[in-house]
Amino acid sequence: QVQLVESGGGLVQAGGSLRLSCAASGFTFSRYAMGWFRQAPGKEREFVAGINWSGGADSVKGRFTISRDNAKNTVYLQMNSLNPEDTAVYYCATNEGPWISRNEYDYKYWGQGTQVTVSP
C-alpha cells in the first residue's frame, strides 16, 4: 500500500519558519522524484518545489528549500520568512519517474495535505 503522510504544519507568525515532512511507504522511494504543491482556498493547486532521485532540486520560492533523506524515505520542505500569502494546504507527491516536473499531472501518488497558516 502506497502512503504519503505529511506532518509539520501549523500556525506561525509572519517572518517565522516551518519545516514540513512527508513520510513515504509502499514503493521504492529512492527511484522517484518528489514534489511539494500547495492550494489556498479558492485557488488552484500550484507547484512549490521538487527534488529528483539523486537530490537535484527545483524551487519557485527562494525562501523554500526541498530536501530528501532516502534512508528515512522522507522528503522535507524548509520554509523561511513566511508571510500570510503562504497560507495554504501543502501536499507532497511522487512523480511517475525520477525527474522533476512542475506539472501536477506527472505525479501519481499524493498525500492528504497539511495546513500551514501564517498570521500577520
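Q: Is Thr114 buried or exposed?
A: This is a predicted model, and in it Thr114 counts as buried, at 10% relative accessibility.

Q: Where in the chain does Thr114 lie?
A: Thr114 is part of strand 11.

Q: And what is Thr114 in contact with, leaving aside neighbours within four places in sequence?
A: Glu6, Ser7, Gly8, Gly9, Leu20, Ala88, Val89 and Tyr90. With Gly9 there is a polar pair too: the backbone nitrogen of Gly9 lies 3.3 Å from a polar atom of the Thr114 side chain.

Q: OK, new topic. Which residues touch the most other members of the largest nonpolar core?
A: Leu20, Trp36, Val75, Leu77, Met79 and Tyr90, out of 26 residues in that core.

Q: Which strands supply at least two residues each?
A: Strand 3 (18-25), strand 4, strand 5, strand 7, strand 8, strand 9 and strand 11 (114-119). Strand 3 gives the most, with four residues.

Q: Pick Leu77 for me. What does Leu77 contact beyond its neighbours within four places in sequence?
A: Quite a list: Leu18, Arg19, Leu20, Trp36, Val48, Ala49, Phe64, Thr65, Ile66 and Tyr90.

Q: How many bridges join strand 1 to strand 3?
A: Five, with the two strands running antiparallel. One spot to look at is Leu4, whose bridge partner in strand 3 is Ala24.

Q: What sits between strand 7 and strand 8?
A: Four residues, as the two strands form a hairpin. In the turn, Asn73 has a positive phi of about 50°.

Q: Which residues of strand 7 are on the covered face, and which on the uncovered one?
A: Phe64, Ile66 and Arg68 are on the covered face, while Thr65, Ser67 and Asp69 are on the uncovered one.

Q: Switching to charges. How many salt bridges does a search of the whole structure find?
A: Five. One of them joins Arg38 and Glu46, with the closest N and O atoms 2.8 Å apart.

Q: Are Arg38 and Glu46 buried or partly exposed?
A: One of each. Arg38 is buried, with a relative accessible area of 5%, whereas Glu46 is partly exposed at 37%.

Q: What does Arg45 form a salt bridge with?
A: Glu104, the closest N and O atoms being 2.7 Å apart. Arg45 lies in the loop between strand 4 (34-39) and strand 5 (46-51) and Glu104 in the loop between strand 9 and strand 10, so this pair ties together parts 59 residues apart in sequence. Arg45 is partly exposed at 29% relative accessibility, and Glu104 is partly exposed at 22%.

Q: And which partner does Arg63 have?
A: Asp86, with the closest N and O atoms 2.9 Å apart. This pair links distant parts of the chain, 23 residues apart: Arg63 is in the loop between strand 6 (57-59) and strand 7 (64-69), and Asp86 is in the loop between strand 8 (74-79) and strand 9. Asp86 counts as buried at 1% relative accessibility, while Arg63 is partly exposed at 25%.

Q: Which residues are linked in a network of salt bridges?
A: Arg38, Glu46, Arg63 and Asp86.

Q: Last one: where is Ser101 found?
A: In the loop between strand 9 (88-95) and strand 10 (107-110). Ser101 counts as buried, because its relative accessibility is 14% and the cut-off for buried is under 20%.

Q: What polar partners does the side chain of Ser101 have?
A: A polar contact of 2.5 Å joins it to the side chain of Asp106. A polar atom of the Ser101 side chain also lies 3.0 Å from the backbone nitrogen of Asn103. Leaving aside neighbours within four places in sequence, Ser101 is in contact with Phe47, Asn95, Asp106 and Tyr107.

How values were computed:
Residues numbered from 1 in each chain as written. Predicted model: local features only at pLDDT ≥ 70, side-chain atom pairs only at ≥ 80, totals over all residues. Heavy atoms only, no water. Buried < 20%, exposed > 50% of the residue type's maximum accessible area, 1.4 Å probe, protein only. Polar contact = N/O pair within 3.5 Å; in protein donor to acceptor, adjacent residues only side chain to side chain. Contact = heavy atoms within 4.5 Å. Salt bridge = Lys/Arg side-chain N within 4 Å of Asp/Glu carboxyl O. Core = buried A, V, L, I, M, F, W, Y, C linked by side-chain atoms within 4.5 Å. Pairing = 2+ DSSP bridges.
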